[in-house]
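Today I'm opening a new structure and jotting down what I look up, entry by entry.

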Amino acid sequence: MNARVADLWYRIRVMAAEDENTEDLRDRIIAELERALAAAEEAMEIQLRNAEAKAKAEKLALVTRVKQDMDARHEMLREALAKGERVGREVSQLIEARKLTGEGLEALRKILDNAGVVQRDRASPTILEFLEQTFIPERNLQEDASRHIQGYVRLFAKTLGDRPMNEYTRADIVRWVRTLENVRTSYGKGGKDHAKTIEVILRESRGKPTLGATTIQKHITHVKQLFLFAIRHHRFAVSDDVEAMFADIALSRHVPESREREIWPTQALTTLFRSPIWAGTRARADDFTHRHQAGPHIHLDAYWWLPIIGLYSGMRLEEIAQLRHDDLKRDGDGRAFIHVTDEGEGQRLKTKSSRRGVPVHPFLPTLGFE
């Protein structure tokens with residue numbers, strides 16, 4: 001339209017220059033304006049028709065997509081209904097033939113299993129069988145994570161019995177949590193706890209610090225995950241059943257809340273490093289039973305190094321205890337660092353992100369660390 005107006009204005013100026021008859025010029029200008037307006041109206045009508053056609057095409061495409069989606073959903077529903085009818089006929093045939101024992105019962109279970117039907121009375125493995133035969137092999141967990149989960153599940157089985165997984169109830173879960181509330185914090189840190197009964201563990205826990213809220217929640221979370229994993233294999237329940245079994249169990253008032261680990265005060269460190277292991281012991285290098293007795297000897301072994309490396313590196317105790325001489329390395333600029341890794345035999349890490357390099361504090365070489 002702008003181009004049309006510019007062209008018209010140019011033609012009017014040309015006519016004005018060529019024609020001195022004002023009245024005739026006026027009529028010619030009016031005629032040109034009328035033709036311009038008519039052309040503009042026609043262009044607008046064409047644009048409106050195009051816009052209407054485009055909107056109609058988009059609407060038709062949307063209706064087509066919705067119809068296709070509904071048809072697909074209807075097809076899925078028809079297939080589900082047909083599958084249900086087929087399962088119903090097969091079950092009815094077995095019932096009419098009175099073959100719901102032995103092979104007939106197994107055939108029925110197979111039909112229901114193929115149909116994805118939950119069978120709440122279906123036989124399932126015991127919790128330890130599922131842990132060892134399915135969960136651990138399939139999850140392929142790192143050694144540290146696997147060890148923790150096995151500890152949680154074994155304590156669960158120790159408390160409630162190693163029973164088929166479909167037999168546990170909400171009441172069992174509550175009883176297990178109440179038992180955890182009275183287990184000592186040192187449980188599992190000794191090598192003999194796995195062989196003790198829950199009665200012995202509870203007796204040994206009396207008067208001692210017990211598991212805190214954070215640790216108990218870890219037990220609940222990991223055991224629940226095991227059940228959720230199991231129902232995908234054996235369909236003895238649905239996920240809502242498992243969630244309901246473990247949900248909203250309020251802990252007793254005596255359960256310690258989680259708290260930050262306290263930093264050792266300077267006086268405690270001074271007391272530690274003035275003890276015979278660092279100040280001098282009378283024990284020989286291989287005589288660990290008398291290390292606490294004062295004397296002239298200082299043995300620069302693991303007993304001596306572990307707390308010092310921990311103090312000047314911030315590394316975990318387990319990370320320091322598994323270090324080898326080859327784990328002490330230098331970077332491209334010659335600076336010493338400790339390679340925290342799980343690559344060596346017997347080495348393991350708490351998490352994948354624990355694999356790292358820790359700079360050697362300048363004070364450690366003065367003690368002969370390198």
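This is a predicted model: local features need pLDDT of at least 70, side-chain atom pairs count only at pLDDT 80 or more; totals for chains, interfaces and linings use all residues.

**Entry 1**

Next I looked up the largest nonpolar core, and Phe156 is among the residues with the most contacts inside it. Which helix gives the most? I found that H8 does, with 10 residues. Apart from this core lies another one, of 16 residues, including Ile308, Leu349, Leu364 and Phe369.

A reminder to myself: in soluble globular proteins, nonpolar side chains tend to be buried together.

**Entry 2: One face of H7**

I picked H7 and asked which of its residues are buried. They are Ile198, Ile201 and Ser205. Looking down the axis of H7, I see the buried residues fall within an arc of 60°, so they line one face of the helix. After H7 comes glycine 207, and its phi is positive, near 80°.

**Entry 3: Nonpolar on the outside**

Then I went to the surface. Leu62, Val66 and Met70 form a nonpolar patch there, with about 260 Å² of accessible area together. I checked methionine 70 by itself: it sits in helix H2 (residues 22-96). Is Met70 buried or partly exposed? Its relative accessible area is 42%, so it counts as partly exposed.

**Entry 4: Salt bridges**

I searched the whole structure and got 18 salt bridges. I wrote up a few of them.

- Arginine 178 and glutamate 181 meet through their side chains at 2.8 Å, N to O. Arg178 is partly exposed at 31% relative accessibility, whereas Glu181 is buried, with a relative accessible area of 1%.
- Glutamate 243 pairs with lysine 224, with the closest N and O atoms 3.2 Å apart. This pair links distant parts of the chain, because Glu243 is in H9 and Lys224 is in H8, 19 residues apart. Glu243 is partly exposed, with a relative accessible area of 33%.
- Arginine 284 and aspartate 286 also meet in a salt bridge, at 3.5 Å, N to O. Arg284 is exposed at 54%, and Asp286 is exposed too, at 57%.
- Salt bridges that share partners join Arg184, Asp193, Lys196 and Glu204 into one network.

**Entry 5: A lysine in a loop**

Where is lysine 350? I found it in the loop between strand E2 (336-340) and strand E3 (356-359). Lys350 touches Asp144 and Arg316, again leaving out residues up to four places away in sequence. I also looked at Lys350 and glutamate 318: they are 32 residues apart along the chain, and their C-alpha atoms are separated by 9.0 Å.

**Entry 6: Positive phi without glycine**

I looked for positive phi values in residues other than glycine and noted two. Arginine 235 has a phi of about 50°. Arg235 lies in the loop between H8 and H9, and it is partly exposed at 28% relative accessibility. Aspartate 248 has a phi near 50°. Asp248 is in the loop between H9 and helix H10 (266-273), and it is exposed, with a relative accessible area of 76%.

**Entry 7: The whole chain**

Last, I zoomed out. How many helices and strands does the protein chain have? I count 14 helices and 3 strands. Of its 370 residues, 28% count as buried. The accessible surface comes to about 25,300 Å², and 54% of that belongs to carbon and sulfur atoms. I also checked contacts between residues at least 6 apart in sequence: 54% of them join residues at least 24 apart.

How values were computed
Residues are numbered from 1 along each chain as its sequence is written. Side-chain values use heavy atoms; hydrogens and water are left out. A nonpolar core is a set of buried Ala, Val, Leu, Ile, Met, Phe, Trp, Tyr and Cys residues joined through side-chain atoms within 4.5 Å. Buried means under 20% relative accessible area, exposed over 50%, partly exposed in between (1.4 Å probe, protein chains only). Helices (H or I, at least four residues) and strands (E, at least two) are DSSP runs, numbered from the N terminus. Patches are made of residues with over 30% relative accessible area and no salt bridge: like charges are joined within 9 Å, nonpolar side chains (Val, Leu, Ile, Met, Phe, Trp, Tyr) within 5 Å. Accessible areas come from the Shrake-Rupley method with a 1.4 Å probe; for residues, only the protein chains shown count as cover. A salt bridge is a side-chain nitrogen of Lys or Arg within 4 Å of a carboxyl oxygen of Asp or Glu. The arc is that of the directions from the helix axis to the C-beta atoms. Contact means heavy atoms within 4.5 Å.
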